[in-house]
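This report describes the secondary-structure packing of a single model.

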Amino acid sequence: MPGFDLPRVEEKIDNIVLPPILKTIRSKTFGSEARELFMLDDEYTNLNHGSFGSVPKAVHEASELLSRYIESNPDRYIRLEHSALIDAARAVVAEHLGVDRDTCVFVSSVSAGIATALRNFRWSPQDFIVCSDVIYDTISSSVKEICQGEHRPQRSVFELKLPLSHTSILELFRRHLRSLRTQIQAVSTDTDSTPGKIVVIIESITSSPGILMPWQEMVRICRSEYALSVVDAAHSLGQEVSLDLKAVDPDFWVSNGAKWCYAKRGCAILYVPFRNQDMVASGVLPGLIYGSPSGISPTRFVWQFYWSGLMDPIPPISIIYAIKFRQQIGGEILIQKYCHELAVRGGRRMAEIMNTTVLDSPANNAEVIANMVNVELPLSASTKPSAEIQFLFSQELFETHKLFATCFVWQDKWWSRVSAQIYNEIGDFERLAKALIDVCGKITATR
């Protein structure tokens, strides 16, 4: 293979798992100096890392080397080598999450992972699916579809009337589950039927607004109230420290490797503890099975998720490169400390400049802020959301001000959700605040 020296997996898998490019990265100062680790346009300031992520140069280049190796003989790789490399990636993720390798598989997206869990339950009209009023759109659509028609579960919405402390959220959550259990017991007593089950979709960090939820305690409440937990942890991997899933023990947990952890887009992880794996008859797309010369003998559950057709095999494996990259630039604790503190300081600075507020707990102690902060915009509630206004926000922020953060309406106020990443600094937040004042002024002038 002229031009690069990646040997076959069965000969020396370590060199493909960790190509030389990733062995030369060294820790750098965070802030503007860290921009050189990424491929961002020099004129653009990204304050929306939480939506689509941004792949570091080293992770991209390592993935490109692997892609060239695969394309040198696609059949050999897919039929003989892919499973071994997926296993290596699953092992890296499992160690990061504190669980057994064979409880982790890759799926194409968090929405696909959540759909896999929900569609493998046997539902009855006595069952409930619980979700919050800030559930992500695609997952909300899946829930509504499942709950339609006869012999289907009922949908129950847990309302987050923010601002709330974590303690208040937990108290209201427990009360909500207990009210449903009372309903179920009354129906089963009246009809002499089997009591229904409660399945709860828990967001670890909600999307819009971006709120850090007390999800680990919510999982424990589910267990004590005999409810099953399905955790939408799309924003957790790379944004929360010490994800010890074995200790938390959710029934299902799904996260995205690309949003915050620096993997390539298309990498999502589904965790299912051994006790629940027999529930999963298949993924959203049934898997294809190829043999392996390395003696791999996966469980039936794992085997379903090795390969599901002509999808790019690189993104799941890129999580190996991403986690190694994170270790080499300082590790999880330092990354999270920098990003969280910047999100808190940056959000407060923006609110000061715009003369608005930060969405926080009543104590203003930042317990609901991870690495994303929600700042109120100086825009009247009488300005209703529309495609036209969203386009104006995007056009002005991208083209005029060369930066971006998402803007949305929540509880009759306009907000911006701002992501703090290692390549950002406080000046980026200040520039965004001034840009948003300008855009909101233009929107107001057109009403």
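Predicted model: local features only at pLDDT ≥ 70, side-chain atom pairs only at ≥ 80, totals over all residues.

Two strands pair with β8. Strand β2 runs antiparallel to β8 and is joined to it by four bridges, with C104 standing opposite Y271 of β8. Strand β7 likewise pairs with β8 in the antiparallel sense, over four bridges; here V254 stands opposite L270 of β8.

## The seven-stranded sheet

These strands belong to an open sheet of seven strands, ordered β2-β8-β7-β6-β5-β3-β4, in which the pairing is mixed. Its edge strands are β2 (104-107) and β4 (154-158), each of which pairs on one side only. From one strand to the next, the twist averages 20°.

A parallel pairing is found between strand β3 (residues 128-132) and strand β5 (residues 198-203), which share three bridges. Within this pairing, V130 stands opposite V200 of β5.

Helix α4 packs on this sheet, where it touches β2, β7 (252-256) and β8 (268-271), and its direction makes about 115° with that of β2. Helix α5 (residues 110-119) also packs on the sheet; its contacts are with β2, β5, β6 (228-233), β7 and β8, and its direction makes about 165° with that of β7.

## Burial of helix α5

How many of the ten residues of α5 are buried? Eight of them are, so that the helix is mostly covered. The buried residues are V110, A112, G113, I114, A115, T116, A117 and L118. They pack against the strands β2, β5, β6, β7 and β8, and also against helix α6 (137-146).

## The contact of α3 with α4

The axes of α3 (residues 57-72) and α4 (residues 74-97) come within 7 Å and cross at roughly 130°. Because of this angle, α3 is oblique to α4.

On the α3 side, the contact is made by L66, Y69, I70, E71 and S72, and on the α4 side by P74, R76, Y77, E81 and L85. By residue class, the contact divides into six nonpolar, one polar and three charged residues.

## The three-stranded sheet

A second open sheet, of three strands, has the order β9-β12-β11 with antiparallel pairing. Strands β9 (372-376) and β11 (406-410) stand at its edges; each has a single partner strand, so one side of each is left without a neighbour in the sheet. The twist in this sheet averages 35° from one strand to the next.

Strand β11 and strand β12 (residues 413-419) run antiparallel and are joined by five bridges. In this pair, V409 stands opposite W414 of β12. Helix α12 (residues 332-354) lies across β9 and β12, running at about 10° to β9. Helix α14 (residues 426-446) packs on the sheet as well, touching β9, β11 and β12, and its direction makes about 155° with that of β12.

## A buried glutamate in a loop

Residue E225 is found in the loop between α8 (215-224) and β6. Is E225 buried or exposed? With a relative accessible area of 12%, E225 is buried. Residues up to four places away in sequence aside, E225 touches R174, L177, R178 and R181.

## Cysteines

How many disulfides does the structure hold? The number is zero. For C267, the closest cysteine sulfur is that of C261, and the 7.9 Å between the two sulfurs is too far for a bond; the cut-off for a disulfide is a sulfur pair within 2.5 Å.

C267 counts as buried, at 2% relative accessibility. C222 is also buried, with a relative accessible area of 1%.

Terms used:
Residues numbered from 1 in each chain as written. Heavy atoms only, no water. Axes fitted to C-alpha atoms, helices over the stretch in contact; angles between N-to-C directions. Parallel < 35°, antiparallel > 145°, perpendicular 65-115°, else oblique. Contact = heavy atoms within 4.5 Å. Nonpolar A, V, L, I, M, F, W, Y, C, P; charged D, E, K, R; others polar. Buried < 20%, exposed > 50% of the residue type's maximum accessible area, 1.4 Å probe, protein only. Pairing = 2+ DSSP bridges.
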